[in-house]
Amino acid sequence: MEMIYEAQEARQIDEWAKTSGLPLEVLMERAGSEIAKRVMNNHDRKERIVILCGTGNNGGDGYVIGRELIRDGYDVTIHAPFGAAKTPVALLHQRYAEKFGLVTEAVCGQYDVMVDALFGMGFDQSRLTKPLTDLFDWVREQQQRAILYAVDIPSGIPTDHSTGFSGQGIKADVTFSLHAFKRSAFLLKTAPFFGRLEKIDLGLPAFGGWRLFSESIAPLLTRDAYGHKGTYGTALLIGGSENMPGSIQLAARAALRTGVGKLQVATVPTAQVGLIINAPEAMVLDQTTEAIQEMITEVDVAGIGPGLASDSVSDWLDLLFDQDIPVVLDAGALIRDHYPERKAAIVVTPHIGEFARMTNQSVQSVQDDLFEQASDYAMLHQVTVVLKAHVILIAKPDGGGYVVAGASSGLAKGGSGDTLFGLITSLLGQRKHYKQVSLERLIAMGVSWYAQASKHVEQRIHPSSITATDVIEQLGQVENDDLIN
């Protein structure tokens with residue numbers, strides 16, 4: 001799995017390298033040389049290349065790239081719109097590049113390839129002066145014919161969050177992320193500016209809290225040849241109402257499709273009829289305190305919330321929290337502003353709107369700072385947060401977590417959250433079978449399964465036409481080898 005850094009973590013790893021005897025000069029050489037190789041793999045010597053170099057270390061990377069390209073016979077122009085390098089290491093590499101015959105010059109005509117090495121991490125919006133926005137406009141005009149590569153972060157784009165982001169910046173076709181991806185590559189406002197992400201390995205150790213989940217989920221598809229239904233746990237789902245009977249049916253079908261041994265569903269009579277028809281494998285209970293109380297001691301996990309509309313929700317939550325089992329909360333059960341101290345996990349699965357309500361913030365402020373918001377809530381309340389946005393974040397109570405990207409846009413539709421809720425509850429009911437896998441990693445595997453199933457559906461159905469039912473059916477059809485991001 002690849003790391004996702006905030007700016008401070010990236011600076012800390014640079015400092016670690018320096019104190020460990022690996023100077024920034026060497027890291028810059030590694031980064032620039034590797035990027036140059038990738039550019040050469042994609043382009044021939046007949047194409048005109050311009051490298052836009054800033055005055056800081058990002059510009060230093062650009063000088064290394066230019067030196068490597070011109071050494072191999074490429075037509076390279078270095079353009080330094082703000083003057084010579086100012087940091088010692090960047091200035092050193094500028095001088096190396098000049099010894100190879102590279103000199104900074106004005107831009108002229110149309111280019112085929114552009115490399116953006118103007119700004120790195122920590123771009124300050126106060127730098128958006130007219131000369132810079134004019135430069136951005138010129139870059140956009142060039143991109144009508146030219147392909148653009150960004151070094152680490154496209155210029156003008158913040159690193160950690162998109163709060164206050166003006167929308168002004170360079171939009172890359174490919175971004176070469178140095179050592180690790182950066183948070184803004186996964187935020188709604190800023191992600192489109194990164195284009196395709198490619199990581200440049202600098203040979204440094206990886207540390208940090210957030211990871212882009214990319215593991216195979218093949219372990220989820222393994223079954224014990226001598227197992228029985230008790231091997232795979234018992235789950236209790238509570239949800240549905242007279243006006244929303246479909247939510248709990250989707251959750252139940254997803255839970256059954258993802259391997260739970262036994263499934264109990266407490267719901268209203270209207271939804272019971274649908275469950276008997278569409279999920280006959282489930283045991284159906286009345287949605288009453290008495291029925292839930294009678295069943296709760298026999299289950300390995302409980303999930304509550306989809307389509308729920310009852311005055312008894314708070315009482316039911318108290319019942320569930322009194323048991324030493326994981327509890328998954330969704331939709332109508334996301335009503336608490338605090339949670340009890342307990343050994344077993346509490347997992348909350350809000351979408352952006354629900355999370356904004358839970359934290360008394362605007363939807364925009366949550367979207368602008370997804371990582372910090374999810375992590376702060378998880379640590380403050382000691383719960384696991386599964387935050388459903390254009391990407392899905394799994395935030396751990398001790399900090400950090402996983403990001404699952406690449407799901408179909410067709411999931412932006414009612415029923416998708418109910419499906420994911422049922423899947424997560426099912427997998428947590430099977431914890432004994434997956435005892436070597438941590439709770440958050442197990443959830444991340446499940447979310448990846450869900451995301452990949454949606455992409456497989458997209459191969460035969462237009463995203464606009466995808467329904468939650470399509471994804472549920474696909475969960476049982478993806479091959480092991482396909483379940484790797």
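Colleague: In the hairpin of β17 and β18, which residue takes a positive phi?

Modeller: Glycine 399 does, with a phi near 105°. That hairpin has 5 residues between the strands. This is a predicted model, in which local features need pLDDT of at least 70 and side-chain atom pairs count only at pLDDT 80 or more, while totals for chains, interfaces and linings use all residues. Residues are numbered from 1 along each chain as its sequence is written, and side-chain values use heavy atoms, with hydrogens and water left out.

Colleague: What makes β17 and β18 a pair?

Modeller: Two strands pair if DSSP finds at least two bridges between them. β17 and β18 have 4 bridges, so they count as paired, in the antiparallel sense. Within this pair, isoleucine 392 stands opposite valine 404 in β18. The strands themselves are DSSP runs (E, at least two residues), as helices are (H or I, at least four), numbered from the N terminus.

Colleague: What about β15 and β16, over how many bridges do they pair?

Modeller: Over 2 bridges, in the parallel sense. Valine 347 stands opposite threonine 384 in β16. Helix α12 (residues 370-381) packs on the sheet, and the strands it touches include β15, β16, β17 and β18. Contact means heavy atoms within 4.5 Å. The direction of α12 makes about 35° with that of β17; axes are lines fitted to C-alpha atoms, for helices over the stretch in contact, and angles run from 0 to 180 degrees between N-to-C directions.

Colleague: Why are β7 and β12 called edge strands?

Modeller: The open sheet of 12 strands has the order β7-β1-β9-β18-β17-β16-β15-β14-β13-β10-β11-β12, with mixed pairing. β7 (181-182) and β12 (283-286) each pair on one side only.

Colleague: Which strands form the sheet with parallel pairing?

Modeller: 6 strands form that open sheet, in the order β3-β2-β4-β5-β6-β8. Its edge strands are β3 (75-79) and β8 (196-200).

Colleague: Why is isoleucine 277 called exposed?

Modeller: Exposed means over 50% relative accessible area, buried under 20%, and partly exposed in between (1.4 Å probe, protein chains only). Isoleucine 277 has 62% relative accessibility, so it counts as exposed. This residue is found in helix α7 (residues 269-278).
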